[in-house]
Amino acid sequence: RVVCDGESQPPVQLEERHQEQQQQQQQQYPAAFYAPPCNLAWPLPFSEVAMYGLARSLVAWAAQHKFCGACGHPTRPVEGGTKRACQRSGCGARCYPRTDAVAIGLIQSADGSRVLLGRQPGFPFMSCLAGFVECAESFEEAVRREVREEAGVAVGRVRYYSSQPWPVNRTPFGQIMAGFIGTSANSAGAETITVDRTELEEARWVSRDELERAVLKHYTPQHSGDDLTLRVPGPYAIAHELMKAWLLGAGRELL
């Protein structure tokens with residue numbers, strides 16, 4: 001057991017007290033703890049969604065870094081809560097908010113006529129394949145690895161398009177998503193999909209016409225009909241921007 005200086009309580013006791021307080025707050029304000037982040041955030045203007053994401057990430061990060069990782073003593077917020085510093089004299093170690101790097105890629109077929117989309121279990125939308133960047137891995141390598149692991153499709157050329165902070169992910173920590181457009185390394189007609197069922201519910205190649213109708217439905221819902229079998233994320237998501245860019249010609253230089 002690590003005992004703090006002075007009359008402070010040991011970290012274990014402090015953490016137990018924090019957990020009791022959190023349980024009481026969950027009972028008192030259940031919607032704030034259990035409502036899906038998207039349901040809370042997306043009715044807000046985009047500028048306020050960013051503030052919501054920042055606050056959510058900082059609160060979660062601070063709750064997990066109440067004690068110093070170097071010596072076990074309590075930390076305190078500094079510089080407006082954007083950092084935490086150990087309170088023990090002689091240590092002073094600092095910790096910083098967590099941001100997870102994610103690579104997301106819209107992969108087109110070798111002939112440029114279709115794109116690869118997938119859907120995670122429990123999600124209503126088909127979207128670009130994405131995943132966390134691993135240590136000592138570039139974003140481009142992460143795109144190729146994730147697509148190969150989740151859909152069994154080899155990816156050749158990959159080009160960066162844009163990035164987006166993602167404030168409403170499943171975990172409460174901040175993410176930065178780097179978006180890419182790439183091309184299948186398999187020849188047209190030989191691009192067989194092998195879905196990893198632990199990652200995706202389904203994955204398939206989508207034609208340009210089908211994708212265009214699904215994207216346009218977000219802008220002209222009254223004219224797009226309700227018979228579409230393909231649903232894609234809205235304009236708030238970088239996946240939507242990648243799809244729009246591809247429909248407008250992005251990625252042709254990779255064929």
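Visitor: What are the conventions for numbering, confidence and atoms?

Guide: Residues are numbered from 1 along each chain as its sequence is written, and side-chain values use heavy atoms, with hydrogens and water left out. The model is predicted: local features need pLDDT of at least 70, side-chain atom pairs count only at pLDDT 80 or more, and totals for chains, interfaces and linings use all residues.

Visitor: How many aromatic pairs does a search of the whole structure find?

Guide: The search finds three. Rings of Phe, Tyr and Trp (its six-membered ring) pair if their centres lie within 6.5 Å; planes under 30 degrees apart count as stacked, over 60 as edge-to-face and the rest as tilted.

Visitor: Why is the pair of Tyr160 and Phe180 called edge-to-face?

Guide: The ring centres of Tyr160 and Phe180 are 5.6 Å apart and their planes stand at 70°, so the pair is edge-to-face. Tyr160 belongs to strand 7 (residues 155-166) and Phe180 to strand 8 (residues 174-184), so the pair ties together parts 20 residues apart in sequence. Strands (E, at least two residues) and helices (H or I, at least four) are DSSP runs, numbered from the N terminus. Ring pairs also link Phe139, Tyr160 and Phe180 into a cluster.

Visitor: What makes Phe180 count as buried?

Guide: Buried means under 20% relative accessible area, exposed over 50%, and partly exposed in between (1.4 Å probe, protein chains only). Phe180 has 2% relative accessibility and therefore counts as buried. Tyr160, with a relative accessible area of 44%, is partly exposed.

Visitor: Why is the pair of Trp166 and Tyr236 called stacked?

Guide: The planes of Trp166 and Tyr236 are at 25° and the ring centres 6.4 Å apart, so this pair is stacked. It links distant parts of the chain, 70 residues apart: Trp166 is in strand 7, and Tyr236 is in the loop between helix 7 (221-224) and helix 8 (238-247). Trp166 counts as buried at 14% relative accessibility, whereas Tyr236 counts as partly exposed at 22%.

Visitor: How do you know that the charged end of Arg208 sits over the ring of Trp246?

Guide: A charge sits over a ring if NZ of Lys or CZ of Arg is within 6 Å of the ring centre and within 35 degrees of the ring normal. The charged end of Arg208 is 3.9 Å from the centre of the Trp246 ring. Arg98 lies over the face of Phe173, at 4.2 Å from the ring centre.

Visitor: What makes strand 2 and strand 3 a pair?

Guide: Two strands pair if DSSP finds at least two bridges between them. Strand 2 (residues 83-86) and strand 3 pair in the antiparallel sense over two bridges.
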